[in-house]
Amino acid sequence: MPFEQHYLAGLDLRGRRVLVVGGGTVAQRRLPRLIASGAAVELVSPSVTPAVQGMVDAGEVTWHQRRFQPGDVEGAWYVVACTSNVEVNTQIGDEALANRVFCVRADIAVEGTAVTPAVGTHDGLVLGVLAGGEHRRSAAVRDGLVAALRDGRIADQAARPVGVALVGGGPGDAELITVKGKRLLAHADVVVADRLAPRELLEELPAHVEVVDAAKIPYGRAATQEFINKTLIDRAKEGKFVVRLKGGDPYVFGRGFEELLACAEAGIPVTVVPGVTSAFGVPALAGVPVTHRGVAHEVVVVSGHVAPDDPRSLVDWSAIARLQGTVVLMMAVERAGAFATALMEGRPGSTPVAVIQEGSTASQRVFRSTLDSLGADVKRWEVRPPAIIVVGPVADIASANS
């Protein structure tokens, strides 16, 4: 087993010139972290990958479109030699050594005066792991440390969150919650959970965590918004960290901003963690893209909690009906026929429709229909919430291309 003798240090590269020679895939991997560090990155290479070109176009990197020349290292604080030519990399390393500038050799690490550790981040921490050149080992250890921090197996009390976090849990599959959402959930003292929040995540909580049921059952029992707001505020004022775990995304028909305003008015700090909205995630998992080149150039997400002719409706159904792209209806099962009728004011009855019930879960059911049959089909199939209804050519695109 090799002995790791490098001295691990953190470099402050803000505003300091960093030279990267080579514009291929290695540079593509190294540049983002250098850019994020605030370094003044100069790139020397005859050509670059499209991704690197994007960094140049964004003004994040200064590109000298030529080969390496003697004198390029002068004035640099740090050098990365990542060309595909060993002789050129050696020349760069020799010049860096002569100028007493640390140089990373991407091709032969031991020939450089610096090495790049396997780097991971967690809530403001930067972790670097060196393993004597055994890159897979250092990467595996890095991944393990970051995962342990994120799920709470390694305590990071200094980073313990406070207040309330509005966390989008995704469309139902517990694995579709974001990394940040999962990490904050591991810190929770109290979890105020929606009916549509991934239930498996609640089972993973430690025994001391208080779980508050904030379910809103369609056409049935429902926790009031006032009760939910009061619970968030009261528990947070007790010094507890509260996670408001919601299905989908907190701000897509989820009343998340109402809860943020209530907490802000009470002086409670709030962290917002977006989630995978079921409006897009559920159709994707069911093989229905909400947009597709040459088929749909727009997608509209509409709440179906009130009928088209309801005076409380804020939707211009005549405008929606005239659109040619995709309409995603949420909370629309009970009034599916009424919405279909409204849409047929501007679309043919043969317009394809996909209905996905309990998407992303083991109970998922997918049905295909058309606008003129949707109301009867939803009743015949006994579709129940939660379900997403997708209207437009994309709903049948898989069949059209099979």
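**Strand pairing and a buried leucine in a predicted model**

Author: Strands β14 (residues 326-330) and β17 (residues 387-391) form an antiparallel pair over 4 bridges. The model is predicted, so local features need pLDDT of at least 70 and side-chain atom pairs count only at pLDDT 80 or more, whereas totals for chains, interfaces and linings use all residues. Residues are numbered from 1 along each chain as its sequence is written, and side-chain values use heavy atoms, without hydrogens and water.

Reader: Why are β14 and β17 called paired?

Author: Two strands pair if DSSP finds at least two bridges between them; β14 and β17 have 4 bridges. Within this pair, Leu-329 stands opposite Ile-389 in β17.

Reader: What makes β13 and β16 stand at the edges?

Author: The open sheet of 5 strands runs β13-β14-β17-β15-β16, with mixed pairing. Because β13 (299-303) and β16 (365-370) each have a single partner strand, one side of each lacks a neighbour in the sheet.

Reader: Why is Leu-19 called buried?

Author: Buried means under 20% relative accessible area (1.4 Å probe, protein chains only), exposed over 50%, and partly exposed in between. Leu-19 has 0% relative accessibility and therefore counts as buried.

Reader: Which residues does Leu-19 contact, leaving aside its neighbours within four places in sequence?

Author: Contact means heavy atoms within 4.5 Å. On that basis, the partners of Leu-19 include Glu-42, Val-44, Phe-68 and Tyr-78. Leu-19 itself is found in strand β1 (residues 17-21), a strand being a DSSP run of E with at least two residues, numbered from the N terminus.
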